[in-house]
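This report walks through a two-chain model, one chain at a time and then together. Keep the sequence and the coordinates open while reading.

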Amino acid sequence: MDILQFSQVQKSFGSRQVLKDITFSVPEHSIFGFIGPNGAGKTTSMKILLGLLKPDAGKITVCGKTVTFGQNETNQYIGYLPDVPEFYDFMTPREYLMFCGEITGMPVKEAKERAEELLIMVGLDQEKRRIKGFSRGMKQRLGIAQALFNRPRLLICDEPTSALDPIGRKEILDILVQAKKETTVIFSTHILSDVERICDKIAFLHQGEIVLQGDLAEILSAKTSGNVEIEFQKKEETKRFTEAFPGWKENTAFKVYYERKSEEERVAMLEFMAKEKIYPVRFEQLEPDLEDVFMEVAGK
Amino acid sequence: MRQLTAFIKKECREHYRSGKIWILAIVFVLFGIMNPAMAKLTPWMMEMASESLESSGLSLQATQVDALTSWTQFYKNVPMAMIIFLLMFAGIFTREYEKGTLINMLTKGLARWKVVLAKSLVEASIWGIGYLLMFGITYGYNAYFWDNSIAEHIEFSALCLFMFGLWVISLEVLISVMVTTTSSVTLFTVGIIGVLYFFSMIGKVKKFLPVQLLSAGELPMGSGNLGDYQMALILVAVLIVVQFVAAVLYFDRRGNL
């Protein structure tokens, strides 16, 4: 079942059209990567989804219910982690989570248990300080805890890793993978390696439009790049080879790199080396990564 | 109901931990003590001044000080205390917009009107307590040093200023839900009061303006009568309700949080 559906959502700020036509859906229990460069409209889409902005046209449903602007009923299914989460920093993390419990109407005893469980999950259970003194990573982790508090069916994270160092990023990604057990995760980002690490489904947002969407593994396998890198033993071999096969992209003393070579061309390369008795150190077909795919769909 | 009490609790905790409550307590207590103290010190200061003036040939007569002197100070100081109070609460909404702290709560299903109600209630209560403190201290000292009975309608005129304060608070809340920055809250609140004050100088309209209540300090001195404040009191009561409802309605549709 699709837990979230965007259909033909449009939004302009003044004369600038930020979202042209956003249509995509997210199946339950997946980690959905919502990818796009800065300014593509990711945050705007999420704010509309949360009922914090009013779309000019189109419809969004969460768990089958339509999202409305203002007092938004579907928010009860959603946990939201803003890009730079800010909290009432005069509280301790435990107090903050208990406050969340009161707002969501959870019984006190259950709220206490839930708060403890989440604090342990995000590694803040020993923290007695007020939020005021927290680092960005700690705030981000607390952000996930508060977003997961009332066991939402949909967890929305707006660029959760963008501002963090590698360790902080890994921590967040690990927590998100854990969260997948109990919820569906949508996370927007422009960091492609994070997407490759944890997402199952993706949608590419580019200049206000969804230019590509689907299963991450399928998308990657459909786009066999045909990129080849060959490493030679001798300089002279490199020279002979590049003379026979010009059109290289990068060429150093021992290494040549070709982009988008057809199967016939790659076979021809191997035959040439066999005939010329060149034994390469390495002949590698490079797997396409998201960056290649992204560059391709973004038309760059 | 639980959401509302939780949010009220959060507001109180915030004001307490930020030290705002203590600062205001000191301000109100100081203003409360200052009124009788100034009255008490006046003769002594006059004496000091007259001694130095005598040498230059001027003579001052001994001044008569009573409860009225102290009450005059009180009515002069209330607007001062009110300004400090308003400045300290100008950011209660805008700071949340700036930091985005409300979004977490609203996306958890907190009803928007409860935010407006909780913040208004807490601000009004702190005003009420602070004002009562200031009034009580002045009243107590005045009764101890002099005699409050020579001042007429003290309670009524104090109520007028209290109601004026409540009206300004509801105005501040209404402006807070409409603008984005703390400085615009201060600017518009002060601006609106300023414009009304300007209009009040044009003859007869004054009785129908909230700022009329600021003159209620004249009552204990024996000038004017209760009827002069009737219209303004009713108007202010109506405006408080209207402004609150408008704030709730506007906040419900606010996009930029």
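Chain B has nine helices and zero strands. Helices here are DSSP runs of H or I, at least four residues long; strands are runs of E, at least two long; both are numbered from the N terminus. The order along the sequence of chain B is α-α-α-α-α-α-α-α-α.

The model is predicted: local features need pLDDT of at least 70, side-chain atom pairs count only at pLDDT 80 or more, and totals for chains, interfaces and linings use all residues. Residues are numbered from 1 along each chain as its sequence is written, while chains are lettered from A and ligands numbered from 1 in the order in which they are written.

**Chain B**

The C-alpha trace of chain B spans about 75 × 45 × 35 Å along its principal axes. Chain B has 257 residues, and 37% of them count as buried. Buried means 20 or more other C-beta atoms within 10 Å of the residue's own; exposed means 12 or fewer; partly exposed lies in between; the C-beta atoms are placed from the backbone. Contacts are defined by C-beta atoms, placed from the backbone, within 7 Å. Of the contacts in chain B between residues at least 6 apart in sequence, 78% join residues at least 24 apart.

One example sits in helix α3 (residues 67-89) of chain B, which contains B:V78. B:V78 counts as buried because 23 other C-beta atoms lie within 10 Å. B:V78 and B:F162 are 84 residues apart in sequence, yet 9.1 Å apart in space, C-alpha to C-alpha.

Confidence comes next. pLDDT is the predictor's confidence in each residue, from 0 to 100. Chain B has a mean pLDDT of 88, and 97% of its residues reach 70 or more.

| Helix of chain B | Residues | Mean pLDDT |
|---|---|---|
| α1, highest confidence | 2-17 | 94 |
| α2, lowest confidence | 20-54 | 86 |

For the complex, the predictor gives an ipTM of 0.84 and a pTM of 0.78.

**Chain A: two domains**

Chain A is divided into domain 1 (2-222) and domain 2 (228-297); such bounds come from an automatic or database domain assignment. The C-alpha centres of domain 1 and domain 2 of chain A lie 42 Å apart. Nine residues from domain 1 of chain A and seven residues from domain 2 of chain A make the contact. On the domain 1 side, α6 (192-198), β9 (201-206), β10 (209-215) and α7 (216-222) of chain A each supply at least two residues. The largest share of that side, three residues, comes from α6(A).

**Strands of chain A**

Strands pair if DSSP finds at least two bridges between them. Four strands of chain A form an open antiparallel sheet in the order β12-β13-β11-β14. Its edge strands are β12 (250-251) and β14 (282-286) of chain A, each pairing on one side only. Strand β11 (residues 227-231) of chain A is antiparallel to β14(A), with five bridges. A:V228 stands opposite A:Q285 in β14(A).

Elsewhere, β6(A) runs parallel to strand β7 (residues 154-158) of chain A, joined by four bridges. A:Y80 has A:I156 in β7(A) as its bridge partner. Both faces of β6(A) are covered: A:I78 and A:Y80 on one side, A:G79 and A:L81 on the other, are all buried.

**Cores**

A nonpolar core is a set of buried Ala, Val, Leu, Ile, Met, Phe, Trp, Tyr and Cys residues joined through C-beta atoms within 7 Å. The largest has 133 residues; A:L154, A:I156, A:V185 and B:L213 have the most contacts inside it. Helix α7 (residues 154-178) of chain B gives the largest share of this core, 13 residues. At least three residues come from each of domain 1 (2-222) and domain 2 (228-297) of chain A. Another core lies apart from it, with six residues, including A:V228, A:I230, A:F232 and A:Y258.

What does A:I156 touch, leaving aside its neighbours within four places in sequence? A:I156 is in contact with A:M46, A:L49, A:I78, A:G79, A:Y80, A:L81 and A:I186.

**Between the chains**

In all, 23 residues of chain A are in contact with 24 residues of chain B. On the chain A side, β6 (78-81) and α2 (93-104) are the elements that give two or more residues. The largest share, five residues, comes from α2(A).

Conventions:
Contact = placed C-beta atoms within 7 Å.
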